[in-house]
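Me: I've got a structure open on my screen and I'd like to learn how to read it. Could you walk me through it?

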Amino acid sequence: MEQPGLDVAVVGPEVGVRSILHESGVHVVDADAADVADADVVVAVGEDALVDVARADSGAAILPVGLGEAYFAAPKQHARQAVRELLDGEHWTVEHPVVSVAVAGEDAGEAVLDVSLVTTEPARISEYAVAHDDEHVSAFRADAAVVATPAGSTGYTRAAGGSVLTPGTGLVVVPVAPFTTQTDSWVLADDLTVTVEREEEPVELVLDGDSWGTVPVQEPIDVVIDRHVEFVRTPATVSRD
C-alpha cells in the first residue's frame, strides 16, 4: 500500500524514478540539494547528490541510488524497484555518521564519505601520525592518509586495503601507497586526530573530493562525528544481483 502524503525529492541525474513518483500521485519536490527541506525522503542519485544532500542537513531521510558497489545504495538498475518499495512501505532507515573536520582548531567543513590528506605532487611521500582519545595509535609514511566513514569505506579506502564498515562501527584510517611493504589500517570507534609529522611536498586536505587547502605541519586535523543522517534501505538496496 502506498504511503499517503509522502513528499519525495529527487536530486541528481534522471534514472527513471520521477515518472514512478508522478504516476503514484506522490508530491515530488524536484529541486537541488539546497532546497529539499519540505521533503520526507530525498532520492539522491550518484555520489555528488548524496554528499550535497547529506551536507544540507535538511532532516529528510536519504535513499541513495547508483553508487557502484556501495552496500547501502540501490544500483541504478534497481532504482525504480527501490522507489516502488519506498512507496509501498517496504523500507527501513539506518543512521550514518557525518564528520566535522578542524585544522588547528579552525573549522574546515564536513565530510559524508571520506577525509583525505594528499601530497600535492604525485608519488611524493609524507609522514602522518594518528591519535585516538589523545593516545598515539601509529605513524606511517605514505602518499596519502584517508579517514572514511562507513558510507565512504566502500570506496577509495577499500581499494587501498581498508575495511568496509557498517554503521556504528566507527571510522577507518588507511595509508595510501605506504613507504613500507607491511602496512595496517585502523578502525577507531569515534573521533580521531591526524597530524602531518613531516612533509616533502605540501599536503592538501580534501573533504569528499573537495579541496580545502594545504595543511600545516605538526598541527592537528581533528575528525569528529558530530551528527548523523538517515539512509533509507529497501530490499532492492540489499540485493546486488
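Me: Then what is the mean pLDDT of the protein chain, and where is confidence lowest and highest?

Reply: The general idea is that where pLDDT is low, the predicted coordinates should not be read in detail. Here the chain has a mean pLDDT of 87, and 90% of its residues reach 70 or more. Strand 2 (residues 27–30) has the lowest confidence, with a mean of 68, while strand 6 (residues 106–111) has the highest, at 97.

Me: Next, the inside. Which residues have the most contacts inside the largest nonpolar core?

Reply: A nonpolar core is a set of buried nonpolar residues joined through their side chains. The largest one in this model has 26 residues, and Val 115 and Leu 205 have the most contacts inside it. Strand 9 (residues 135–148) is the biggest giver to this core, with four residues. If you click on Val 115, you'll find that its contacts include Val 99, Val 101, Val 146, Leu 205 and Val 223. There's also a second, separate core, made of 24 residues, with Val 42, Val 51, Leu 113 and Ala 151 among them.

Me: How do I read a helix against its surroundings? Which residues of helix 3 are buried, say?

Reply: List the buried residues, then look for what covers them. In helix 3 (residues 79–87), the buried ones are Ala 79, Ala 82, Val 83, Glu 85, Leu 86 and Leu 87. Their cover includes strand 1 (7–11), helix 1 (17–23), strand 15 and helix 5 (235–238). After the helix comes Gly 89, with a positive phi near 80°.

Me: On to charges. How many salt bridges does the structure hold, and which partners does Arg 227 have?

Reply: Look for a Lys or Arg nitrogen within 4 Å of a carboxyl oxygen of Asp or Glu. The structure holds six salt bridges. Arg 227 meets Asp 57 in one of them, at 3.2 Å from N to O. Arg 227 is in strand 15 and Asp 57 is in the loop between helix 2 (47–56) and strand 4, so the pair ties together parts 170 residues apart in sequence. Arg 227 also forms a salt bridge with Glu 110, where the closest N and O atoms are 2.9 Å apart.

Me: Which side chain of opposite charge is nearest to Arg 233, and how far away is it?

Reply: When a buried charge lacks a salt bridge, check for backbone partners too. Arg 233, in strand 15 (residues 220–233), is buried without a salt bridge, and the nearest opposite charge, on Glu 85, is 10.0 Å away. The Arg 233 side chain does reach the backbone oxygen of Tyr 71, at 2.7 Å. Residues that Arg 233 touches include Phe 72, His 91, Trp 92 and Val 238.

Technical notes. Residues are numbered from 1 along each chain as its sequence is written. Side-chain values use heavy atoms; hydrogens and water are left out. Helices (H or I, at least four residues) and strands (E, at least two) are DSSP runs, numbered from the N terminus. Buried means under 20% relative accessible area, exposed over 50%, partly exposed in between (1.4 Å probe, protein chains only). Lys and Arg count as positive and Asp and Glu as negative; His and the chain ends are not counted. A polar contact is a pair of N or O atoms within 3.5 Å; within protein, one must be able to donate a hydrogen and the other to accept it, and residues adjacent in sequence count only if both atoms are side-chain atoms. Contact means heavy atoms within 4.5 Å. A nonpolar core is a set of buried Ala, Val, Leu, Ile, Met, Phe, Trp, Tyr and Cys residues joined through side-chain atoms within 4.5 Å. pLDDT is the predictor's confidence in each residue, from 0 to 100. Lists of a residue's contacts leave out its neighbours within four places in sequence.
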